[in-house]
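Hi everyone, thanks for coming. Please have a look at the sequence and the model on the screen, and then I'll walk you through them.

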Amino acid sequence: MNKVKLAIVVEKFPVLSQSFINRLVEELAKNTSLAVTIVTIYNVDFIKLKKQAPNLYSLYSSGQISILSSNSISKISRGMQLISSIVSYIPLLLLSKEFKNRSIFDFSLKLHAKAALMTRLMKNHEFDVMHGQFMDLTAYLVLAKTVNPNISKKLFSTGRGVDISKYGIVTEKEVDLFENSNAGVEKYFFVSESLKRIAVNKGVSESKCFVNYSGLDFNTLPEYNPPSNKSTDSIKLIQVGRLVEKKGILMSLSAILKLKDRYNIKLEVFGEGPLIGEAKRFVNKNKLEDCVHFFGATHNSKCMSSISKSDIILVPSRTGADGNSEGIPNVAKEAMALGCIVVASDHSGLPELIEHEKTGYLFEEGNLESYINTLELAISQRHDWDNITRNAEFYVTENFSIKLLAQELVGHYVGDI
């Protein structure tokens, strides 16, 4: 039986914050029915790949996966590639069936430029399935397939968060392009039901939509550490993630300010971002230096170790002013697997992960009073933390294993060819 030739398409590779791509590719590479290629129009930094994703680098070095990327080294050579790509791309686009009744000016020059580069890159390749890992790059994949239908028999796309939720990120014209019958998207996958609903509201065919959660490799995490094993002289809180609006760091600091005189609490913050200055100023202004500590961007293994030693992880996710939403934050799943109580907002897909007072605690998104009350509730139920974390560990390992979720995708890949 011939292997299904699968192209996993990303914008750039590797990206430190996209470890979920590494996990997915590593798992797919184990399946003997697939021949996996990572495709990106930008150069791959193999030194960075070896350092950030050694397992993936080993798979590449041994020939178990392939990587297809631009071979341009300098800005000049990349510019020459872009010019030659566009020169050959435009006539083919104008002659294609899809554009006989559509203006080429419906889409931005940047979008066409990426489509031209992708067309050039995949010129001598034919895949069975081309799977774009983010919705916002799907448009140029459709354009590339419009120009050269032979690059792939099927086109799949995954929505992961900001790439479908942010205002203007996927336009009505782009959705119309996705939905065309000649070179459009065969199937859409979303990492939460909430993101799927956003896509359907934008005009994506619901019959083509599936939920495929972002999975974890639990074998790479520290061992489950029950609350009863941890210190009882204080309550150790932790928050992990970029310090941006949708992660809710300023709400967490406001909650700490209200609770610090009632409880012996300490908060560790791991991550960098545009709100780091404002967050530190808040801490200094309100004299929270003794109970809030910033650790900056930290390697994932240290974050996981710190989570496993913490009592409660704070996940106060919220929708940004630009519509930016999360799917289901992986750090909440990781905490559940490690024996750390999750106190999270009911933002986006988090209620799909957490059942209030059974596998964690949920509060109303953006509501500080609800956040404070829920955190107090969690603290008051310390006697039941072992039961809650055991329920959480069982649920997350049963439903969010990368092995299970990759198998679901393989069923779609193989079944459609």
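**A covered helix, a sheet and some charged pairs**

Let's start inside: in helix 6, the buried residues are Thr138, Ala139, Tyr140, Leu141, Val142, Leu143, Ala144, Lys145, Thr146 and Val147. Buried here means under 20% relative accessible area, exposed means over 50%, and partly exposed is in between, with a 1.4 Å probe and protein chains only. What do they pack against? The buried residues of helix 6 pack against strand 1, helix 4, helix 5, strand 4, strand 5 and helix 8, where contact means heavy atoms within 4.5 Å.

A quick word on the source: this is a predicted model, local features need pLDDT of at least 70, side-chain atom pairs count only at pLDDT 80 or more, and totals for chains, interfaces and linings use all residues. Residues are numbered from 1 along each chain as its sequence is written, and side-chain values use heavy atoms, leaving out hydrogens and water. Helices (H or I, at least four residues) and strands (E, at least two) are DSSP runs, numbered from the N terminus.

In what order do its strands lie? The order is 3-2-1-4-5-6-7, seven strands in an open sheet with parallel pairing; two strands pair if DSSP finds at least two bridges between them. At the edges you'll find strand 3 (65-69) and strand 7 (209-211), each pairing on one side only. On average, neighbouring strands of this sheet are turned by 25 degrees against each other, direction ignored. Axes are lines fitted to C-alpha atoms, for helices over the stretch in contact, and angles run from 0 to 180 degrees between N-to-C directions.

Zoom in on strand 1 (residues 4-9) and strand 4 (residues 127-132): they run parallel and are joined by four bridges. There, alanine 7 stands opposite methionine 130 of strand 4. Helix 1 (residues 19-29) packs on the sheet and touches strand 1, strand 2 (34-40) and strand 3. Its direction makes about 155 degrees with that of strand 2. Helix 9 (residues 193-201) also packs on the sheet, touching strand 5 (152-159), strand 6 (187-190) and strand 7, and its direction makes about 165 degrees with that of strand 7.

Next, the charges. Side chains of opposite charge can pair when their charged atoms come close. How many salt bridges does a search of the whole structure find? It finds 12, counting a side-chain nitrogen of Lys or Arg within 4 Å of a carboxyl oxygen of Asp or Glu.

One of them joins aspartate 128 and lysine 153, with the closest N and O atoms 3.2 Å apart. Aspartate 128 lies in strand 4 and lysine 153 in strand 5, so this pair ties together parts 25 residues apart in sequence.

Another salt bridge, at 3.4 Å from N to O, brings together glutamate 186 and lysine 154. Glutamate 186 sits in the loop between helix 8 and strand 6 and lysine 154 in strand 5, so the pair ties together parts 32 residues apart in sequence. Glutamate 186 is partly exposed, at 35% relative accessibility.

Finally, please find isoleucine 76 in helix 4 (residues 75-95). Isoleucine 76 counts as exposed because its relative accessibility is 69%.
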